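Have the sequence and the 3D view ready.

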Amino acid sequence: MFKTIKLYSKTAMAREPLKVARKGARGGEEAREDPLYRELLDNIYDAVLVTDFEGRIVDANPRAEEFFLQRKIALRKLRIRDIVSGVTESLLGTIRQNIINRKFTLLEGHCLRKDGTTFPAEITISLIHWTKSGQLCFFVRNIARRKKAEDRLRAQNSALQNSANAVAICAMDATLTFANLAFLQLWGYGNQGEVIGRDIRLFLGEEDQLSEIIQQLRDGKPWTGEMVAARAQGEAFYVQLSAAPNRGADEKVIGMVFSFVDITERRKSEEALRKESQEMLERARSQKDFSGLLNIISISDVIQLINATRKSGRLEIRKFPFRLVSTLTFADGEIIEASCGGKTGAEAVYDTLRARGEEFNFEEGTPSRPKHPIKEKTMAMLMEGCRLLDEIPAEPEPGRIVKTILAVDDDPGVLATIRETLTRKGYNCVAISDPDECFAVLTKNSIDLVVLDVQMPGKDGYEVYREIKDFRNVPVLFVTGYASAVAPDTPSEVDFLQKEFITGQTDIIYKPFNINTLCDKVEALIGETEKA
């Protein structure tokens, strides 16, 4: 169904009715044969439909045949309302009245082609006097391209208005011609009238730098960076600015477009981290003992700290209780000697990183002449090793007998932590989240230890524990967040559990647990991987 978009009339200039080659009494048929009439009609750019006062089409030009996909003889069998939406008897009456009042009518609507498709049109209706009574002349202009352009502009304007980024468009003199809602909100203004026409430099600090940026945009070059801005109330904040030249149809620069993202919170966080890091390094420079200085999560943190503070001295890494794992000797932050598990040099450093000790002791001082020096510059290589070893699980050494551990926990995060930690320590870890699968895994694999969560849906850990013990005498490490989680039902079960704990066949670890504690508990129950 077609719908008239708008209808309005304008007062025409006072004029006499058209009398060119007026045929009056000879009738419309003879008028249409007049050479002057025919030449005029056939050469009009718009489609032309000539109707009587009742809207019956009596003539059409070639452009109308092209627009409506119908020959003139077919069009003459139709009424104007058949091919132009919104044209009713009431509208025809209004058109006739406008003409009597020496006005013409302009309307926008949709026209129907013979194949059922439509096109938007702008239609002007005037009166011509090729006959004694006069006729209506509909001038039809296809405005499909204009509509598409208007729709595209509306879509672009809507996208700019609703963009989460603050957007401002400026003329070549840097005055604002457009600012979206996000821009007004970010700067604290109520409406566009408060910012349109003002220089963009008034909204940003560092005016000299901004003038250089504007000149760069005028030269057709984009710019991206961070700047200080000032809200309407004078409050300073930080923005990430992306600016680009605005080009016209001929690709010439006609202005500039600015897009802003508020990065104030990020800058505050970065500043806080920078300040904290600076304070940490200052404390490190004044201390000889690194033990307890930081919440160290890996040996690579200690190595990088010593490198950053350019310290000289000896670092000892120990594993609880007091077993020496590795020693590293530094000169001005560079590792010059390393010893770990009988190995020296760069290999000893890599083994140190894999060992992940628990206690760190650094004695500052001028190192003596190293017995096993690292001759080449190795810090960059070692730091890359730190990163890789933090990402890649350690492979068990050749010739070791790998022990298999079954981990059962319904929490995927805890299960992944257990699997990764034990795999890095050289164990083979089978991880499942469903306690009902536990028995099947035990029957198909040689399991040396079960790490078992207590609170699980369906079967709890204690039920699974009894099934395991009925099938095979395998050590079990309970994992729980509750102090009273292991709750046997009968006195005999209490005696049984106590015996298991006393004999070293069962232990418990509480969430959240330290991965080193987990490894120690596992090692205490089944030992480390063994030499073949």
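Helix α9 is followed by Gly220, whose phi is positive, near 90°. Helices here (H or I, at least four residues) and strands (E, at least two) are DSSP runs, numbered from the N terminus. A quick note on the source: this is a predicted model, where local features need pLDDT of at least 70, side-chain atom pairs count only at pLDDT 80 or more, and totals for chains, interfaces and linings use all residues. Residues are numbered from 1 along each chain as its sequence is written, and side-chain values use heavy atoms, leaving out hydrogens and water.

Which residues of α9 are buried? They are Leu210, Ile213, Ile214 and Leu217; buried means under 20% relative accessible area, exposed over 50%, and partly exposed in between (1.4 Å probe, protein chains only). Seen down the axis of α9, the buried residues fall within an arc of 100° (taken from the directions from the helix axis to the C-beta atoms), so they line one face of the helix.

The face turned away from that buried side carries exposed Asp208 and Glu212. Over the buried residues, the cover includes β9 (223–230), β10 (236–247) and β11 (253–262).

## The core

The largest nonpolar core has 30 residues. Such a core is a set of buried Ala, Val, Leu, Ile, Met, Phe, Trp, Tyr and Cys residues joined through side-chain atoms within 4.5 Å. Among the residues with the most contacts inside this core are Trp187 and Phe260. α8 gives the most to this core, with 5 residues.

Technical notes. Contact means heavy atoms within 4.5 Å.
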